[in-house]
Amino acid sequence: MAFSPSLAFAYPWLGLLWPSPALVYWLAPPYRSHRPAVRVPFFTALRRLSGAAPSEGASVSPRGLWRSLALFICWTLALLALTRPQWTLPPVHHEKPARDLLLLVDLSGSMDTQDFTNAAGEKVTRLAAVKQVLDDFLARRQGDRVGVVVFGDAAFTLIPFTADLKLARQMLGEMQVGMAGPKTAFGDAIGLGVNLFAASKAPAKTMIALTDGNDTASGVPPAEAAKIAKDRRVVIHAVAVGDPAAAGEEKLDEASLKEVAATTGGGYYRALDRDELAGIYRRLDAIEARKIETVSFQPRLELYWAPLAALALLSMAAQALRLVRRPRLRTAEAAR
């Protein structure tokens, strides 16, 4: 339905005061000031000789039509300004991010293993494959706020929650293996993510964890961190990019990742190549349907200044007219 701008008043009830000057004029007693009409030293002798008895009188200063009309218009303009006239504009709809999405990215030394294949068929590192897929994933995340936590020996906030997805994609492209240390502190990364969500008011809070190794450096085990995340209503999807048949730190701890995902109500996915990893994010797109909160407000343009400006101009014009007419009246009286 089309919207047409309209005029409204913030305090329309003040319009009831409009006839008050007329009521005061009719009902209130006139203003009186007592003073002798004539000051002469021989007033007593004059009264005795004339035989007249002195009495009190009244003098009413005449007020012309134009002066009365100017006062009436000034009162109307002042009252109109007090009612705060407003011009109502069409409503504005603003789409506000209603979901916060946090990516946990493993940057341990094992992420430098070249066992993934890119779109050109070339062997690339696990991190390179992850960055390519994350870039595609973020390109479809319009309407979300995204944050990134990287972890190795410890967990660090690479990108706090932001709706600037272009900046997030740029920062993800600059990640390097080992920049957070060679080990894997997955549990600490979950704990840091939960702390980042503490100030979030979004109704949907999601973590997507990408790791290729087992936890070797956390102060809090991943299972315990997942329980805290569940209490804070944070869902964790675990994406495994490692090899469960490997040994040492490069061996994938599938049991731990499955437990983390199951505890928080998320899903566990394995990605043995880039195509499978991209398929996982397509499934996450379907699972985590985008939620947009539309905020609408009605802009109002204040117009109280217009009657105030007209009042000032009218009062100045009336005073200027009086100053111009007064010398002319004095000249006419003198000529008589």
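This is a predicted model: local features need pLDDT of at least 70, side-chain atom pairs count only at pLDDT 80 or more; totals for chains, interfaces and linings use all residues.
Against which elements do the buried residues of H7 pack?

The chain holds 10 helices and 13 strands, and of its 336 residues, 34% are buried. If we take the contacts between residues at least 6 apart in sequence, 81% of them join residues that are at least 24 apart.

Now to helix H7, which covers residues 222–231. The residues of H7 that are buried are Pro 222, Ala 223, Ala 225, Ala 226 and Ala 229. Looking down the axis of H7, we find these buried residues within an arc of 160°, and they therefore line one face of the helix. That brings me back to my opening question, and the answer is that the buried residues of H7 pack against helix H6, residues 186–197, against strand E10, residues 235–240, and against H8.

Of these partners, let me take H8, which spans residues 254–264. The axes of H7 and H8 come within 8 Å of each other and cross at roughly 15°. An angle under 35 degrees counts as roughly parallel, which is why H7 is described as roughly parallel to H8. As for handedness, the crossing of H7 past H8 is right-handed. On the H7 side, the contact is made by Pro 222, Ala 223, Ala 226, Lys 227, Ala 229 and Lys 230, while H8 contributes Ser 256, Glu 259, Val 260, Thr 263 and Thr 264. Sorted by class, this contact has 5 nonpolar, 3 polar and 3 charged residues.

Let me then follow the chain out of H7. Just after this helix we meet Arg 233, with a positive phi of about 60°, a positive value in a residue that is not glycine. Arg 233 sits in the loop between H7 and E10, and because its relative accessible area is 73%, it is exposed.

Arg 84 belongs to the loop between helix H3, residues 65–82, and strand E2, residues 85–88. Is Arg 84 buried, partly exposed or exposed? Its relative accessibility is 29%, and so Arg 84 counts as partly exposed, whereas Arg 233 is exposed.

Methods:
Residues are numbered from 1 along each chain as its sequence is written. Side-chain values use heavy atoms; hydrogens and water are left out. Axes are lines fitted to C-alpha atoms, for helices over the stretch in contact, and angles run from 0 to 180 degrees between N-to-C directions. Helices (H or I, at least four residues) and strands (E, at least two) are DSSP runs, numbered from the N terminus. Angles under 35 degrees count as roughly parallel, over 145 as roughly antiparallel, 65 to 115 as roughly perpendicular and the rest as oblique. A crossing is left-handed if the near helix is turned anticlockwise from the far one by less than a right angle, and right-handed if clockwise. Contact means heavy atoms within 4.5 Å. Ala, Val, Leu, Ile, Met, Phe, Trp, Tyr, Cys and Pro count as nonpolar, Asp, Glu, Lys and Arg as charged, and the others, Gly among them, as polar. Buried means under 20% relative accessible area, exposed over 50%, partly exposed in between (1.4 Å probe, protein chains only). The arc is that of the directions from the helix axis to the C-beta atoms.
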